[in-house]
Amino acid sequence: MGNPLRRVLAAQQGLPQNVRALSWVSFANDFASELVYPIVPLFLTVTLGAPATVLGVVEGIAEGMAVGLRGAAGWLSDRAGGERKRWIIAGYGISAVSRIVLAAAWAWGVVLLARVADRLGKAARTAPRDALIRDSTPPELRGAAFGYHRAFDTAGAVAGPLLAVALLAAGVSLRTVLIVAVAPGFLTLVLLRAVREARTAVPNGIAEPERLPRAFWGALSVWTLFSLGNSSDAFLILRAHELGLSTTLVVLAYAGYNVVYSGLSWPLGALSDRVSRPLILGSGLGVFALVYAGFAVAPGSWAVWPLFAVYGAYIAATDGVARAWIGDYAPVRAGGTAYGLFSAASGGALLVASVVAGVLWSHVDPSAPFWLGVASATAGLIGLAVFGFYRMRRAPT
């Protein structure tokens, strides 16, 4: 027991201070946001009586309105000489305030306002935060750093739903759960005091960002192609409820998915430092296709449990690894711009995927959004293969 624990602690200490500090920040934020996330679809459709189409519209508009800011925040942090922290603080602060609005919502339009504010906060902080992690980490630890950050981020996403389960089991209302989520969100602003600008930052300077290479655009295109069918996880939650799981069991199944995600993120991120990142990503997309096909044909509520657990393996193999992969092709003075474009493309694709999924769910069949996901994952796998072949052809011999 001692030796593996010592190896884990030594590996953790080998990561930069900024990575560890931002990981704790993300833990607190996701504790709050994931306490809320599995509740919102049920709050909308059960408490407020909104149809499933509204769920897709709310999620899609919230993401869509933040798309432009996702790209701009990263680019502006590059223009400011690589100073990222002000954007990170603003982003977490906006999200914290949005949870107060959500808890007070009396109509789905107010939920939309809260979700838009939360997504704007996420848009403001995500690219500068990812760029700060990239700037603070040596290339040989990039996958491990992003994997570690995603592991902590998702550990908060485990604790949040588990608290939601406990609160629901105690008989509290869905609105009360949303109220409880307000406090941990503000803890992020305290934890951010430990974060410092990276050494690559130019204090009070204006930096001219470098041009992004062709390989970056190829990688971004592959990820966007897949993301066009990767709709909001709210539809997984809604599908689990439709298959017969109670509200409490839906949240518990979602927490189980996050346990797997958190547990595998760091190991798979570190593995991507030693083997081909596209190989890890491709494995993740294959798992995604299988899980979405499973949700489409699931015969009953029992199938939700293994499907959610395996879904955690998919996202552990793609979320942090994709960020490290994008960072591999981003020049030093264009990290914020690269991650801004990555975040904007992902958000824009999610907008399209979520709106389409809502329409397919309501007007075709509840299984239809999941078949769309299978198709997009297949397209992403083909794109990865083409990208890899192109990179091999261009490699020096």
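Which hand does the crossing of H6 and H15 have, left-handed or right-handed? In this predicted model, the crossing of H6 and H15 turns out to be right-handed. Helix H6 spans residues 108-136, and its axis runs 8 Å from that of H15, at an angle of about 135 degrees. An angle over 145 degrees would be needed for roughly antiparallel, so H6 and H15 end up as oblique to each other. On the H6 side, the contact draws on Thr126, Ala127, Asp130, Ala131 and Arg134, and these meet Gly335, Gly336, Tyr339, Gly340 and Ser343 of H15. Sorted by class, the contact of H6 with H15 comes to five polar, three nonpolar and two charged residues.

Helix H15 covers residues 335-363 and also holds Val359. Val359 has a relative accessibility of 41%, and therefore counts as partly exposed. In sequence, Val359 sits 305 residues away from Val54, yet the C-alpha atoms of the two are 9.5 Å apart in space.

Helix H2 (residues 17-36) packs on helix H9 (residues 182-191) with 7 Å between the axes and an angle of about 165 degrees. That makes H2 and H9 roughly antiparallel, because the angle is over 145 degrees. The crossing of H2 and H9 is left-handed. H2 brings Trp24, Val25, Ala28, Asn29, Phe31 and Ala32 to the contact, while H9 supplies Pro184, Gly185, Leu187, Thr188 and Leu191. Eight of the residues in the contact of H2 with H9 are nonpolar and three are polar, with no charged residue involved.

Now for the aromatic rings. Across the whole structure, a search turns up 27 aromatic pairs. One of them is Tyr254 with Phe308, an edge-to-face pair with 6.3 Å from centre to centre and 90 degrees between the planes. Tyr254 belongs to helix H12 (residues 247-271) and Phe308 to helix H14 (residues 304-328), so this pair links distant parts of the chain, 54 residues apart. Both Tyr254 and Phe308 are buried.

H14 takes part in another such pair through Trp325, whose partner Phe387 lies in helix H16 (residues 368-394). The ring centres of Trp325 and Phe387 are 5.3 Å apart and the planes meet at 80 degrees, so this pair is edge-to-face too. Trp325 is buried, as is Phe387.

How values were computed: Residues numbered from 1 in each chain as written. Predicted model: local features only at pLDDT ≥ 70, side-chain atom pairs only at ≥ 80, totals over all residues. Heavy atoms only, no water. Axes fitted to C-alpha atoms, helices over the stretch in contact; angles between N-to-C directions. Helix = DSSP H or I, 4+ residues; strand = E, 2+ residues; numbered from the N terminus. Parallel < 35°, antiparallel > 145°, perpendicular 65-115°, else oblique. Left-handed = near helix turned anticlockwise from the far one by under 90°. Contact = heavy atoms within 4.5 Å. Nonpolar A, V, L, I, M, F, W, Y, C, P; charged D, E, K, R; others polar. Phe/Tyr/Trp six-rings, centres within 6.5 Å; stacked < 30°, edge-to-face > 60°. Buried < 20%, exposed > 50% of the residue type's maximum accessible area, 1.4 Å probe, protein only.
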